[in-house]
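Subject: Structure for you to look at

Dear colleague,

I am handing over the structure we spoke about, with the sequence alongside. My notes on what was found follow below.

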Amino acid sequence: MQRGSDRLNVHRDDEMKHELKGLLRSGHPTRVDEWHDPEPAADDDPEVTGGPVGGLGSPASLERVRLELARSLGRGAFPARAGELAAALRRDNAPDPLVEAVAELPRGEQFRNVQQLAEALAGGG
């Protein structure tokens, strides 16, 4: 007998897979009864932001900048100067504000990794 951390037995697990199959394939709720569907957002609901929230210079801002940089720059891009990194970001179609911020960094400074670049952009982290 398998002794794992499963909370459900094999039969219930199969039932749940069957219930979700239509939802996963169609991309919209497949229930006949509307009360089963999740309620959509109302017009007066507050905006939900994605990711950590924080002001410029906060750890959350540093995390956000580092995430955006890591999406576009690989390890092979480093070490490099700001102009080279801005060109690499343009080639990868990174967001324009990020490309412009990197292009405005001092040209002579060389960055060894994404963390060092993110700290320079976020105001020293």
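Predicted model: local features only at pLDDT ≥ 70, side-chain atom pairs only at ≥ 80, totals over all residues.

**What was found**

Although Gly 76 and Asn 113 are separated by 37 residues in sequence, their C-alpha atoms are 9.6 Å apart in space.

As for the chain as a whole, the secondary structure comprises five helices and two strands, and, read from the N terminus, the elements follow the order α-α-β-α-α-β-α. Of the 125 residues in the chain, 21% are buried. The accessible surface amounts to about 9,900 Å², and carbon and sulfur atoms account for 50% of that area. Among the contacts with a separation of 6 or more, 49% are between residues 24 or more positions apart.

The interior comes next. In soluble globular proteins, nonpolar side chains tend to be buried together. Here the largest nonpolar core has 22 residues, and those with the most contacts inside it are Leu 69, Leu 73, Leu 85, Leu 89, Leu 117 and Leu 121. At least two residues of this core come from each of α2, α3 (82-91), α4 (96-103) and α5 (114-122). Leu 89, once its neighbours within four places in sequence are left aside, is in contact with Leu 69, Ser 72, Leu 73, Ala 94, Leu 98, Val 99 and Val 102.

One of those partners of Leu 89 is Ser 72, which belongs to helix α2 (residues 59-72). Ser 72 counts as buried, because its relative accessibility of 17% falls under the 20% cut-off. With neighbours within four places in sequence again set aside, Ser 72 is in contact with Leu 89, Asp 92 and Ala 94, and its side chain makes a polar contact of 3.5 Å with the side chain of Asp 92.

Which residues make the nonpolar surface patch of about 290 Å²? They are Leu 20, Leu 23 and Leu 24. Leu 24 lies in helix α1, which covers residues 10-26, and this leucine is classed as exposed because its relative accessible area is 68%, where the class requires over 50%.

With best wishes

Methods: Residues numbered from 1 in each chain as written. Heavy atoms only, no water. Patch = residues over 30% accessible without salt bridge, like charges linked within 9 Å, V, L, I, M, F, W, Y side chains within 5 Å. Areas by Shrake-Rupley, 256 points an atom, 1.4 Å probe, with all protein chains shown as cover. Salt bridge = Lys/Arg side-chain N within 4 Å of Asp/Glu carboxyl O. Helix = DSSP H or I, 4+ residues; strand = E, 2+ residues; numbered from the N terminus. Buried < 20%, exposed > 50% of the residue type's maximum accessible area, 1.4 Å probe, protein only. Contact = heavy atoms within 4.5 Å. Polar contact = N/O pair within 3.5 Å; in protein donor to acceptor, adjacent residues only side chain to side chain. Core = buried A, V, L, I, M, F, W, Y, C linked by side-chain atoms within 4.5 Å.
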